Amino acid sequence: MKFKAFSTYVEDLVTNEIPPELLVNLNGGINLFKHREKDDEEKNYYILGEYTEDHLGACINLYYGSFKHFYGDKSDKKFKKKILSTIKHELTHHIESLAGHEPLGDAEDLEVAARIAKKENKKKEKKKNKKNK
């Protein structure tokens, strides 16, 4: 899927498929970026989309390059399915934030911490094994 088709599909979802009530206070909208986005904490992970909220407001960012990296060889149907599921996922963050209760974000934070701890433990084990040889 080319970027133009990607952006047209997202625009169609936002204007025709997503209930406007879910977009309340998403004042930064849904932004599209052409590049791949790596996670700050886990350099081997690419981000498809993210919900951000700061002093300027709330928005969802989608990274076409990340979608292309993982789904570029898939059919447009599968590509579109992943776009939709990512938008739904990020909208869940938005709705939870509005409600003041963010279990999805908390669960993701725990998953990231567990993966980082696992990597650190592997590094320590590797050093320990080298020392013992």
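Reader: Before we start, how are residues numbered and which pLDDT cut-offs apply?
Author: Residues count from 1 along each chain as its sequence is written, and side-chain values use heavy atoms, with hydrogens and water left out. Since you asked about cut-offs in this predicted model, totals for chains, interfaces and linings use all residues, local features need pLDDT of at least 70, and side-chain atom pairs count only at pLDDT 80 or more.

Reader: In what order do the three strands of the open sheet come?
Author: Helices (H or I, at least four residues) and strands (E, at least two) are DSSP runs, numbered from the N terminus. Two strands pair if DSSP finds at least two bridges between them. The pairing in this open sheet is mixed, and its three strands come in the order E1-E5-E4.

Reader: Which strands are at the edges, and what is the average twist?
Author: E1 and strand E4 (49-54) each pair on one side only, which makes them the edge strands. From one strand to the next, the twist averages 25 degrees.

Reader: In which sense do E1 and E5 pair, and what is the bridge partner of leucine 32?
Author: Strand E5 covers residues 57-63, and its pairing with E1 is parallel, over four bridges. Phenylalanine 33 has tyrosine 63 as its bridge partner in E5. For leucine 32, the partner in E5 is leucine 62.

Reader: How many of the residues of E5 are buried?
Author: Buried means under 20% relative accessible area, exposed over 50%, and partly exposed in between (1.4 Å probe, protein chains only). E5 is mostly covered, and of its seven residues the buried ones number six.

Reader: Is glycine 65 buried or exposed, and what does it touch?
Author: Glycine 65 lies in helix H2, and its relative accessible area of 11% makes it buried. Tyr64, Ser66 and Phe67 of H2 are buried too, and the cover over the buried residues of H2 includes H1, E1, E5 and H3. Not counting residues up to four places away in sequence, glycine 65 touches Phe33, Lys34, His35 and Arg36.

Reader: How far apart in space are glycine 65 and leucine 32?
Author: Along the sequence, glycine 65 and leucine 32 are 33 residues apart. In space, C-alpha to C-alpha, they are separated by 9.9 Å.

Reader: Why does methionine 1 count as buried, and which residues is it in contact with?
Author: Methionine 1 sits in the segment before H1. It counts as buried because its relative accessible area is 10%. Leaving aside neighbours within four places in sequence, methionine 1 is in contact with Phe6, Tyr64, Lys68, Asp76, Phe79, Lys80 and Ile83.

Reader: Which side chains meet in the salt bridge?
Author: A salt bridge is a side-chain nitrogen of Lys or Arg within 4 Å of a carboxyl oxygen of Asp or Glu. A search of the whole structure finds one, at 3.9 Å from N to O.

Reader: What is the phi of asparagine 25?
Author: Asparagine 25 is found in the loop between H1 and E1. At 52% relative accessibility, asparagine 25 counts as exposed. Although asparagine 25 is not a glycine, its phi is positive, at about 65 degrees.

Conventions. Axes are lines fitted to C-alpha atoms, for helices over the stretch in contact, and angles run from 0 to 180 degrees between N-to-C directions. Contact means heavy atoms within 4.5 Å.
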